[in-house]
Amino acid sequence: MSKITTELLLERAVPKSTRLRKIETLNLSKLQLKTGDLDPRLFSRLRHLRKLDLSDNLLDKFPNSLNLPDLRVLNCNNNKLEDVTALKQFPLLEELSYENNVFLTLNDDYKVIFLLQNLRLLNGKDITKLANHVRNANSHKLTSKVTTHWEKFFRDQLPENHTAEQVKSIKKEFLKSVQMNVVYGPSSLSEFTRWRVKMIAEQFLTYSLGLELDTDTEPEEKIDEDEKESTESPSEAAEDVGQCALQVTVTPSKRKRKNSKPGSVNKRCKSQANTVEEAAEDVSAEPLHFLQCHSKGNSREDFKTELWSCVFEPLLDSGARKDPIVSSSRTVATCGGESVCLIDCETGTVLKKYKVATEVFFSVAWTTLTMEIGDSQKKSHNILAAAGRRGIVKLIHVAADFCYGEIKAHKKPIATVCFSPARETHLFTASYDKRIALWDIGIPDCDYNFKASQLLMLEVPSVPLRLALVPTCPEQYLLAGCENGCFTWNIKLDKKQKNRPYEAAFQFPDEDGGMTTSHSVDGLAFLNDDVVVSKSSKPGCIFLWSWSRSFDTKGKGCQQTVSAVILAELEWSTTDMPYLTLSTCPAKDYVFCGDEKGSIWMYNLSNHTRAWSSAKGKRSDRHIPPTQILKWPELRVAGEQPTEVLANNVVSDPTLTYLVVVTSVNIIAIWKKS
């Protein structure tokens, strides 16, 4: 039997009532209500209901026919809602709240803003400005893309005298294709974009071409409205992002390539990021965006804030930020100065920005936590860790736009952080106190309560600069590049010893032809399961060496000195400038490293990795030149040309579609492979 009766409705009316049709305000919170308890026949008698509180219940969706024609205010906080499209049945709704429904995402916010034309407040925030973007700003753009897709790929497939079967087949293929290929805006809104693209495509087939649709079309997708502004910041912090990302006037120094898209660096909203035009070199990657979004005090003259780290966001197995059509994330986290930014590489949109006025951020790292939501249900969420000068790790739940906690990890600055690929909650922090700590950051509950604990403290002979877990045994061995050498530790947790010295120090060739352990290693990464890439700050020195052939994991005793089995050396800049770190793209066998002129040195090593795997430990004196060098363009920002541009860090996404460079002059460069 339903929990809701006529007597209950009269009792919970505010004020209490004697007639259902007289009720204007109704409080049905905290009744453990499920969807089946909302009887449309009973609710249809609430003809004048204007305010309804359904918070703190167990609703997973709304029935389609509650028939509340005058409803203006609806509170659904703290339920288990999975979909919002049924809310279209309340066209006069002005205020809506569904906070703490963990299955709902940013895409659902955009859907409900689009469907409810009178909505002014969403989750307590004024959405008037955002609603204008969602409902109106990009309709022509998406409609144009859909129309172009039809004209280019499908128009000639439809015979002049077509049959119903041919129409059905063409329609099915077109809807599938257009949703896969019409991509626009940030990846975090890809679900909403596909939803709108399908809607527009169906309307195009029906009204423009006169092709009737069959019954698999969803009713809500018949609404003929405009869509979102997808190049704006999608969060309610859009205005704040716009204020801190400055507009830059540009003077290109060379001609653009003929096949480059005019204005391609200006795709994003003008208030979103600094726009810099440039001349693309004749290479297989072209500059897409140049951003200046970490400025201190939002100053457009700030070319002194150094940017240190950039990491691409991992794709989720499920959830809001997963795009099953796009094979790799295009969202990157960057840090430097007092801020951490999330950027959509395709559009150049600054999606989110986090600031700590007293901090200087040096490092960011991602993990994906699987959280229990209730009733044994689980959901994956991406968490970003950011750390720097204060020795504190900030933990940010990105989808919720919320910094939910911090770990006071060290008393001195943290140089770098990284998560274990084997344990989602295990975080390593490397500090200027000459220690590396392993933390279990725990999994936050629904109220973001969490408990962090220190598992290990590794003693380091000098300041640790870069960390890398051994891919074949990430729970047993950690490598660290330090100010005075390269070391490895046994990090297996079945040992009782919590404080541990290093287990081995690696020797490398020196300038005199001998071997030395004393050199600064400011770049360190694995190219594959065995090949390590390490960079010394001495001129032009990037070594590729074998982990398995260099370190005998069965060796006895601590603090042994071993010689790195060198496979090859990469030819690089002759600069001795420190902290220009390297990165790898294992899926493509690529190594990247920036230099003291802002250029990107790219090494395609796919032709070498197979030979190394069968080399049986044989050393190689071979020097491998870069496959290509992407030159830093001659930029003019606000009439000035930044000088001494150091490319502090370069990373690519796993598919090698985007390259992101963070520099010493407060500029982020985004390149796209052509």
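**Note on the predicted model**

1. The second largest cavity has a volume of about 50 Å³, where a cavity is a set of points, on a 1 Å grid over the protein atoms alone, at which a 1.4 Å probe fits but cannot get out. Grid points are joined across faces, edges and corners, and the volume is the space filled by probe spheres set on the points. By this rule, two cavities of 30 Å³ or more are counted.

2. This is a predicted model, in which local features need pLDDT of at least 70 and side-chain atom pairs count only at pLDDT 80 or more, while totals for chains, interfaces and linings use all residues. Residues are numbered from 1 along each chain as its sequence is written, and side-chain values use heavy atoms, with hydrogens and water left out.

3. The lining of the second largest cavity, meaning residues with an atom within 4 Å of a point, consists of S284, A285, M602, L656, T657, Y658, L659, K672 and K673. Strand 37 (658-663) and strand 38 (668-673) are the elements that give two or more residues to this lining. By class, five of the lining residues are nonpolar, two are polar and two are charged; here Ala, Val, Leu, Ile, Met, Phe, Trp, Tyr, Cys and Pro count as nonpolar, Asp, Glu, Lys and Arg as charged, and the others, Gly among them, as polar.

4. For the protein chain as a whole, the secondary structure comes to 10 helices and 38 strands, taken as DSSP runs numbered from the N terminus (helices H or I, at least four residues; strands E, at least two). Of the 674 residues, 56% are buried, with buried meaning under 20% relative accessible area, exposed over 50% and partly exposed in between (1.4 Å probe, protein chains only).

5. Confidence needs attention: pLDDT, the predictor's confidence in each residue from 0 to 100, averages 82 over the protein chain, and 83% of the residues score at least 70. It stays under 50 over residues 212-283, for which the model has 217 contacts (heavy atoms within 4.5 Å) beyond four places in sequence. Over residues 318-327 the pLDDT is also below 50, and this stretch has 28 contacts beyond near neighbours in sequence. Where pLDDT is low, the predicted coordinates should not be read in detail.

6. E99 sits in the loop between strand 4 (95-97) and helix 3 (106-115), and is partly exposed, with a relative accessible area of 38%. Leaving aside neighbours within four places in sequence, E99 is in contact with N77, N78 and N123. The C-alpha atoms of E99 and N123 are separated by 6.3 Å, although these residues are 24 residues apart along the chain.

Note on methods. 1 Å grid on protein atoms, 1.4 Å probe; cavity = no way out; pocket = protein on both sides within 12 Å on 5 of 7 lines; lining within 4 Å.
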